[in-house]
Amino acid sequence: MPKQYIVIALVVLSFAFFLWTVQRFIRVMKKGRPFPGSFGEKGARFGDVLLYFFMQRSVAREPLSWHHLLIFWGFLVITVGTAEILATGVFGSALSYSNLFGSGIDRAFKAVLDVTNGVVLLIICYSFFRRIVIRPRLIPLSTDATLILSMIAFLCISHFGMHGFEAAAALGSQAPQAIGHMPISAWVAGLGVGGSTGHTLAEANYWIHLVIVLFFLNYIPYSKHIHLLGALPNIALRGRDKRAVGMLPKLDLEDENDWGVGRYEQFHWKSLLDTYACTECARCSNNCPANLTDKPLSPMKLIHDVRDEMLERGKLLLKLRDGVDPTGENENATEPNDAEKVVIEELGKMEPLVGGRIKDETLWACTTCGACENACPVFIEHPLKIIQMRTHLVLSEGRMPAELARMFRGMENNQNPWGIGADQRMAWAEGRELPLLSDNKDAEYLVWIGCAGAFDDRAQKVTHAWLDLLDQAGVKYAVLGDEESCTGDAARRAGNEFLFQMLAEQNVETLNGYGVKKILTSCPHCFHSLSKEYPAFGGNYEVQHHSQFLQQLVATGQLKPQRNSAKAITFHDPCYLGRWNDEFDAPRELLHRASGSAPIEMERTRGKSFCCGAGGAQMWMEEEGPRVNVNRTTEAVNTGAETIATACPFCNIMITDGVKSLDKDEDVRVLDIAEVLAESLGIQRATAKEAEATN
Ligand code: SF4
Ligand code: SF4
C-alpha cells in the first residue's frame, strides 16, 4: 500500500476519534445550566487570547517561569512544523511550505523550527533534572507529565532524524551544507549515515514523528494537557466586567433547582469549562490561606474533583434522552425506558459531589479571599463554585457548622452576626451627637456604620475616629441609626442566600425610602455588598470606602495631616477592598500623607496579599491547626514596622489577635487607616491612644 494511503488512514482515524472525544466532552459540559452572562467585547477577547494564551502573560510575570514559557512557545512552533508534515502526508508536496510560501520563507521557518526543537529538547532534559533531582514543592513528576514530556522530547529527536538522515540519503556529503540553515539537522546529516541506511532511518523517524503526533492528539483530552484545549476558550470567554468581579449572582429562591450546586450539572456550563482549562500549575493552592495553614482545602484539587465528577456522571447522563430527569424531581419529565432506568440506578449509586467527592469541611475552610482566582493564569473562578456548593449544603441539605447556625440566628433575630440585641446597635454612640438620617434627610452622604463598627469594641473606636475626621472636614453626613441592619455579606458567603436576600431587601427598602444616593463605609464587606450586590435588589448607590473618601479629603486639602508619626507603618490589604474591588492605592497614599513616608510593603502585598482569615464567615467559625491570622501577622511583624495599618474592621480584629498571639502587643500596634490619619491630625478622642491601650 503506498505510504500516502497509510498516512491518510492514520490521520483520518486519529482526527475522527479526536473529534468524537471533543464533542462528548462538550456535550457533558453543556449538561450544565445556561450561562447567565454574555460574551461581548469580541476585540478585547481576541486581545486576551493573544496576551494570556499565546504570550502567557500571567505565567511570564512569575519568577522562574522561563522553562515553562520556552516549552509552550516552542511547542507552538513545532505544531506549525507538524501541520506541514500532516498536510504533505495527506495531500502531497503541493502543500509544502516551500510551495505555498516560497523557498525563502520556508528556509527561514525551517531554521527557526530546527533551533526551537533543540531548545525544547534541552529544556525538557532540564525539566526532568529539576523534577527528579531538585523536586520543587507541589509539582511532583507524575506519570502523565513524564509521558507528555517524553513524547515532546521524541518529537524533537525524530524531527532531527527525519530531516538529517533524509538529506544525507539524498545528497551524501553535500547534505550538511545543503541544509546548513537547520544547524542541528545538518549535524545529524554530517554523521555519515547516508544511502539506504540513511533513507531507512529517515523513514523510521518520519513514522515515529507521525505516530507520536497522532497519539498525542488523542491523549490530550484524557490527560492533564486537556488544558491545551480548554484554556484558550476559557480565556476568550472570561468575565471582562471589572465591576462584576467577586459579585455573587442573585438566586431565584422560588426555584429549588437554583439553591446552589449539589450536582455538577447545576453549575452553569462556563463554570464547567473552567475545569477543562486547569493547567495544574498549583498557583491557586500555593496562594490559598486555607491550604497554606493545613486546612483540608486545595483549590486545585477542588477544580479537578468537579472535572472528574463531570466526566464520570456526564458519561452516564449522555445515555439518557433529553427530557428524562435523572433525579426524579421533575413531575413533567419524560418517563425513562428500561435501559434508562438502569442508568438512573447507576447514577443513584454514585457518591454525591457535595459531601462525597468534595467534603463539607473542604468547603467550610474557604475564606473567600480570592487569592486562588487572582493567581490562576487561565481565569478559573474557584470561590464562586465553593460558595455555590455551600449554598446547597445550607439551603438544600441543612448541613453547616454549629457556629454558623448561631451566626445565622443572630442575623435573623437581631440583624447582626454576633446576635447582640438589635436595640444595642447605637450603644457605641452614647455621648456622641450623631446626625440621624430621619432628622437630616438632605444630608449628602449616608455613613454606613456596619455591624462590626457598631457592635465590636475595637471597631467602635475606628468608627469614632472616622466620624471625627468627617466632622473635622465639615462633611454633611447622617447615619441610619437603629434602622441599619447587617448587609448580609457573611450569610451569603456562608451559603444562606435566603437570609442574605431578606436583609438586602430590608436595607434597600430603608435606603430607597430616604432616597439615599451616596454611601460611605469603613467596612470593605459592606462596601462590596452595597456597591456590587445590592443593585440586583433595586439598590443603586454611589458607594465609597473610607480609604477612598479620606484620601480625597486629604488630596483636596480638607484634611491636612501633619506627618507627625515617627512610627514605621506596614499596610495589610483587605481582600474585599484590594483583590475584589481593585483598591490598592487609596489607603497607601493616605498612609503616606499621614505618616510622611510610604508604608513598608510585605512580601505578599496588593493582589497577592494574604488573607487575615476572617472572610467568608470564618470570623465566626472555629479554626483548627495553624491559624491564618497568625501567619499573616508574622509576616507583618517581620517587616519591622511598629504600626500595622488595616482598612477593614475584621482584618483589624484578626491582626490584633495575631499580634497578641505572637506576644508582640507591647511593640506593635494595629490601627485602622482612619486612626493613623486622626493621629496625624492630632485628633485624640477614642482613637489612637485608646487603640494603643486596647492593643
Ligand atoms: S478563596 Fe481563598 S481560601 Fe478560598 S480557596 Fe481561594 S484562596 Fe483558598
Ligand atoms: S491556578 Fe488555575 S490553572 Fe493553576 S492549578 Fe489552580 S486552577 Fe489550575
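**Entry 1. Pairing of β6 and β7**

I take two strands as paired if DSSP finds at least two bridges between them. I applied this to a predicted model. Strand β6, residues 643-646, pairs with β7 in the parallel sense, and I count 4 bridges between them. I looked up one bridge by residue: Thr-643 has Arg-669 of β7 as its partner.

I then placed this pair in its sheet. The sheet is open, has 3 strands in the order β5-β6-β7, and its pairing is parallel. β5 (569-571) and β7 (669-672) are the edge strands, and each has a single partner, so one side of each has no neighbour in the sheet. From one strand to the next the twist averages 30 degrees. Helix α29, residues 649-661, packs on this sheet and touches β6 and β7. I noted that the direction of α29 makes about 175 degrees with that of β7.

**Entry 2. Strand β1 and its partners**

I looked up β1 (residues 445-448) next. Strand β2 (residues 477-479) runs parallel to β1 and is joined to it by 3 bridges. In this pairing Tyr-445 stands opposite Tyr-477 of β2. β1 is also joined by 3 bridges to β3 (residues 518-521), again in parallel. Here I recorded Ile-519 of β3 as the bridge partner of Leu-446.

**Entry 3. The chain as a whole**

I count 31 helices and 7 strands in the protein chain. The C-alpha trace spans about 100 × 70 × 45 Å along its principal axes. The chain has 695 residues, of which 45% count as buried. I also checked how far apart in sequence the contacting residues lie. Of the contacts between residues at least 6 apart in sequence, 78% join residues at least 24 apart.

**Entry 4. Surroundings of ligand 1**

Which residues are closest to ligand 1? I found Cys-288, Cys-366, Cys-369, Ala-371 and Cys-372, within a shell of 16 residues. The elements giving two or more residues to this shell are α14 (289-292), α18 (371-375) and α19 (382-397). The largest share, 3 residues, comes from α19. By class, I recorded 11 nonpolar residues, 5 polar and no charged in the shell around ligand 1.

**Entry 5. Surroundings of ligand 2**

I repeated the search for ligand 2. It is surrounded by 14 residues, and the closest are Cys-278, Cys-281, Arg-283, Cys-284 and Cys-376. Two or more residues of this shell come from each of α13 (283-287) and α15 (299-317). By class, the shell around ligand 2 holds 11 nonpolar residues, 1 polar and 2 charged.

**Entry 6. Val-59**

I located Val-59 in helix α3, residues 57-60. Is Val-59 buried or partly exposed? A residue needs 20 or more other C-beta atoms within 10 Å of its own to be buried. Val-59 has 18 such neighbours and therefore counts as partly exposed. Not counting residues up to four places away in sequence, Val-59 touches Ser-65, His-68, Leu-69 and Pro-377. I also noted its separation from Arg-283, a residue listed among the closest to ligand 2. Val-59 and Arg-283 are 224 residues apart in sequence, while their C-alpha atoms are 9.9 Å apart.

**Entry 7. Gly-260**

I found Gly-260 in the loop between α11 (227-236) and α12 (269-277). Gly-260 is buried, because 21 other C-beta atoms lie within 10 Å. Setting aside neighbours within four places in sequence, I list its contacts as Gln-388, Met-389, Thr-391, His-392, Leu-395, Ser-396 and Gly-495.

**Entry 8. Nonpolar cores**

The largest nonpolar core has 141 residues. Which members touch the most others? I recorded Leu-469, Phe-650, Ala-674 and Leu-677. Another core, of 29 residues, lies apart from the largest one, and its members include Ile-78, Cys-156, Phe-160 and Tyr-206.

How values were computed. Residues are numbered from 1 along each chain as its sequence is written. Chains are lettered from A and ligands numbered from 1 in the order in which they are written. This is a predicted model: local features need pLDDT of at least 70, side-chain atom pairs count only at pLDDT 80 or more; totals for chains, interfaces and linings use all residues. A residue is near a molecule or strand if its C-beta atom, placed from the backbone, lies within 6 Å of it. Ala, Val, Leu, Ile, Met, Phe, Trp, Tyr, Cys and Pro count as nonpolar, Asp, Glu, Lys and Arg as charged, and the others, Gly among them, as polar. Axes are lines fitted to C-alpha atoms, for helices over the stretch in contact, and angles run from 0 to 180 degrees between N-to-C directions. Two residues are in contact if their C-beta atoms, placed from the backbone, lie within 7 Å. A nonpolar core is a set of buried Ala, Val, Leu, Ile, Met, Phe, Trp, Tyr and Cys residues joined through C-beta atoms within 7 Å. A residue is buried if 20 or more other C-beta atoms lie within 10 Å of its own, exposed if 12 or fewer, and partly exposed in between; C-beta atoms are placed from the backbone.
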